[in-house]
Amino acid sequence: MGMVFCRGCGKEIHETAPMCPHCGAPQIIPSTKRSVGKLIAWGLLWTLVFSTIISTFVTGLFVNILQVAVSQPTIDFISRISTMISLWLSIVLVILGKLPGTRKPQVPTVKEP
Ligand SMILES: [Zn+2]
């Protein structure tokens, strides 16, 4: 626990203070950082969701809609490709914060005096 200087008035305030007690200027709170462990957990969850949806959709498209005779090796190949696509898709979207649970926390804006 330490003291930091206010972004608004420059007076010394407690480092965990969400706002300055002297001038009321909001301070950057350390808890606005995204945790890496949480992102990895969400990434894995979304990979699972995407791979289930994509492989079901793609396999179903070939077998049911196009009425193509799909051999087992082809289905295995499709599921491998869709797993890879899902993995990269979820990694990119999680890093960009586009998925529920991965959004960047809002940093409070500092009002200029
Ligand atoms: Zn202040």
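I began with the rule for exposure: a residue is buried if 20 or more other C-beta atoms lie within 10 Å of its own, exposed if 12 or fewer, and partly exposed in between. I kept in mind throughout that this is a predicted model.

**Entry 1: T59**

I applied the rule to T59, which is found in helix 1. I counted 16 other C-beta atoms within 10 Å, so T59 is partly exposed. I then looked up what T59 touches, leaving out residues up to four places away in sequence, and noted I75 and I78. I also took a distance from T59 to S82: the two are 23 residues apart in sequence, and their C-alpha atoms are 9.7 Å apart in space.

**Entry 2: S55**

I stayed in helix 1, where S55 also has its place. With residues up to four places away in sequence left out, S55 touches I78, S79 and S82. I checked S55 against I75 as well; they are 20 residues apart along the chain, with 8.9 Å between their C-alpha atoms.

**Entry 3: confidence and overall layout**

The mean pLDDT of the protein chain is 78, and 79% of its residues reach 70 or more. Among the elements, I found the lowest confidence in helix 1 (residues 36-65), at a mean of 81. The highest is in strand 2 (residues 12-14), at 90. I wrote down one caution: where pLDDT is low, the predicted coordinates should not be read in detail.

I listed 2 helices and 2 strands in the protein chain. Read from the N terminus, their order is β-β-α-α. The chain has 113 residues, and 10% of them count as buried. I also looked at contacts between residues at least 6 apart in sequence; 47% of these join residues at least 24 apart.

**Entry 4: helix 2**

I went on to helix 2, which has 25 residues. From its first C-alpha to its last I read 36 Å, close to the 36 Å expected at 1.5 Å a residue. Which residues of helix 2 are buried? I found S82, S86, S90 and V94. S82 had already come up as a residue that S55 touches.

I looked up M84, whose place is in helix 2. Is M84 buried or exposed? I counted 12 other C-beta atoms within 10 Å, and 12 or fewer means exposed, so M84 is exposed. I took its distance to T47, 37 residues away along the chain, and got 9.0 Å between the C-alpha atoms.

**Entry 5: after helix 2**

I followed the chain past the end of helix 2 and came to G97. The phi of G97 is positive, near 70 degrees.

My last stop was R103, in the segment after helix 2 (72-96). I counted 11 C-beta neighbours inside 10 Å; the limit for exposed is 12 or fewer, so R103 counts as exposed.

Terms used: Residues are numbered from 1 along each chain as its sequence is written. This is a predicted model: local features need pLDDT of at least 70, side-chain atom pairs count only at pLDDT 80 or more; totals for chains, interfaces and linings use all residues. pLDDT is the predictor's confidence in each residue, from 0 to 100. Helices (H or I, at least four residues) and strands (E, at least two) are DSSP runs, numbered from the N terminus. The expected span of a helix is 1.5 Å times one less than its number of residues. Two residues are in contact if their C-beta atoms, placed from the backbone, lie within 7 Å.
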